[in-house]
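Visitor: I am new to reading protein models. Could you take me through one, step by step?

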Amino acid sequence: MADNNLIGVTMNVIGKVINVSPNSNINMADATKRIISQMESSFSGQDDNGITFSTNVNLSVANSMNDIAKSDHVFALPDIDSPLGGTVQGVANSLGGKVAFVNADYFTGPLDTNIGNVGPRVAAHEFGHLAGLYCKKRKRRASRTRMLKR
């Protein structure tokens with residue numbers, strides 16, 4: 001039962017996807033389309049009170065930092081290595097921030113070609129942090145961790 005006649009919420013996200021890695025094999029148009037699809041799917045549904053929520057995502061490819069406006073959310077695709085060894089899936093610049101980093105290998109490497117859609121799932125997860133959500137458990141894989149509001 002919704003209070004104050006609220007029946008639905010729509011979040012609009014505008015931003016850019018930029019490859020900042022040396023990997024030139026990323027199909028940026030396809031990566032952008034897949035991130036959009038995953039985000040719209042991940043951030044939609046209905047809560048226990050019957051209030052529906054949806055997300056409209058408008059992302060485009062940035063060829064350089066000059067293509068990025070101050071108001072844009074940014075999904076940067078770098079090569080990310082952990083200081084402890086291994087690979088990092090992704091990271092957000094802060095809760096409520098504007099920049100998410102998603103490992104470029106997840107759009108061309110074996111995790112993408114063998115498992116599929118890892119990059120877009122990580123991008124949606126990191127966007128959750130930009131939207132102010134945090135992870136309940138740190139031990140689980142980021143792409144499968146439930147996001148919670150504070």
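What follows is a set of questions and answers on this predicted model.

Visitor: What is the mean pLDDT of the chain?
Guide: pLDDT is the predictor's confidence in each residue, from 0 to 100. In this chain, 79% of the residues reach 70 or more. The mean is 83.

Visitor: What percentage of the residues is buried?
Guide: Buried means under 20% relative accessible area. The chain has 150 residues. Of these, the buried share is 42%.

Visitor: Among contacts between residues at least 6 apart in sequence, what share joins residues at least 24 apart?
Guide: Contact means heavy atoms within 4.5 Å. Take the contacts in the chain between residues at least 6 apart in sequence. The share that joins residues at least 24 apart is 63%.

Visitor: Which lysine meets aspartate 72 in a salt bridge?
Guide: A search of the whole structure finds two salt bridges. One of them joins the side chain of aspartate 72 to a lysine, at 3.3 Å from N to O. Aspartate 72 lies in the loop between β3 and β4 and its partner in strand β1, so the pair ties together parts 56 residues apart in sequence. Both residues are buried, and the partner is lysine 16.

Visitor: Where do aspartate 30 and arginine 34 lie?
Guide: Their side chains meet in a salt bridge, at 3.5 Å from N to O. The two residues are four apart, about one turn of the helix. Both lie in helix α1.

Visitor: Is arginine 34 buried or exposed?
Guide: The cut-off for buried is under 20% relative accessible area. Aspartate 30, at 29%, counts as partly exposed. Arginine 34 has 19% relative accessibility, so arginine 34 counts as buried.

Visitor: Which backbone oxygen does the side chain of threonine 32 reach?
Guide: Threonine 32 lies in helix α1, residues 28-42. Threonine 32 is buried, with a relative accessible area of 5%. Beyond its neighbours within four places in sequence, threonine 32 contacts Val17, Leu59, Ser60 and Val61. The backbone oxygen its side chain reaches, at 2.8 Å, belongs to methionine 28.

Visitor: How far is the backbone oxygen of phenylalanine 43 from a polar side-chain atom of threonine 55?
Guide: Threonine 55 is in strand β3, residues 52-62, and is buried at 5% relative accessibility. Not counting residues up to four places away in sequence, threonine 55 touches Met11, Val13, Met39, Glu40 and Phe43. Between the backbone oxygen of phenylalanine 43 and a polar atom of the threonine 55 side chain, the distance is 2.6 Å.

Visitor: What separates the C-alpha atoms of valine 74 and alanine 100?
Guide: Valine 74 is found in strand β4, residues 73-77, and counts as buried at 9% relative accessibility. Leaving aside neighbours within four places in sequence, its contacts include Lys16, Val99 and Ala100. Valine 74 and alanine 100 are 26 residues apart along the chain. Their C-alpha atoms are separated by 6.2 Å.

Visitor: In which strand is valine 99 found?
Guide: Valine 99 counts as partly exposed, at 22% relative accessibility. Val74, Val91 and Leu130 are among the residues that valine 99 touches, not counting those up to four places away in sequence. Its C-alpha atom is 9.8 Å from that of lysine 16, which is 83 residues away along the chain. Valine 99 is found in strand β6.

Visitor: Which residues make the nonpolar surface patch of about 240 Å²?
Guide: Residues in such a patch must have over 30% relative accessible area. Valine 9, in strand β1, is partly exposed at 42%. The patch is made by Leu6, Val9 and Phe53.

Methods: Residues are numbered from 1 along each chain as its sequence is written. This is a predicted model: local features need pLDDT of at least 70, side-chain atom pairs count only at pLDDT 80 or more; totals for chains, interfaces and linings use all residues. Side-chain values use heavy atoms; hydrogens and water are left out. Patches are made of residues with over 30% relative accessible area and no salt bridge: like charges are joined within 9 Å, nonpolar side chains (Val, Leu, Ile, Met, Phe, Trp, Tyr) within 5 Å. Accessible areas come from the Shrake-Rupley method with a 1.4 Å probe; for residues, only the protein chains shown count as cover. A salt bridge is a side-chain nitrogen of Lys or Arg within 4 Å of a carboxyl oxygen of Asp or Glu. Buried means under 20% relative accessible area, exposed over 50%, partly exposed in between (1.4 Å probe, protein chains only). A polar contact is a pair of N or O atoms within 3.5 Å; within protein, one must be able to donate a hydrogen and the other to accept it, and residues adjacent in sequence count only if both atoms are side-chain atoms.
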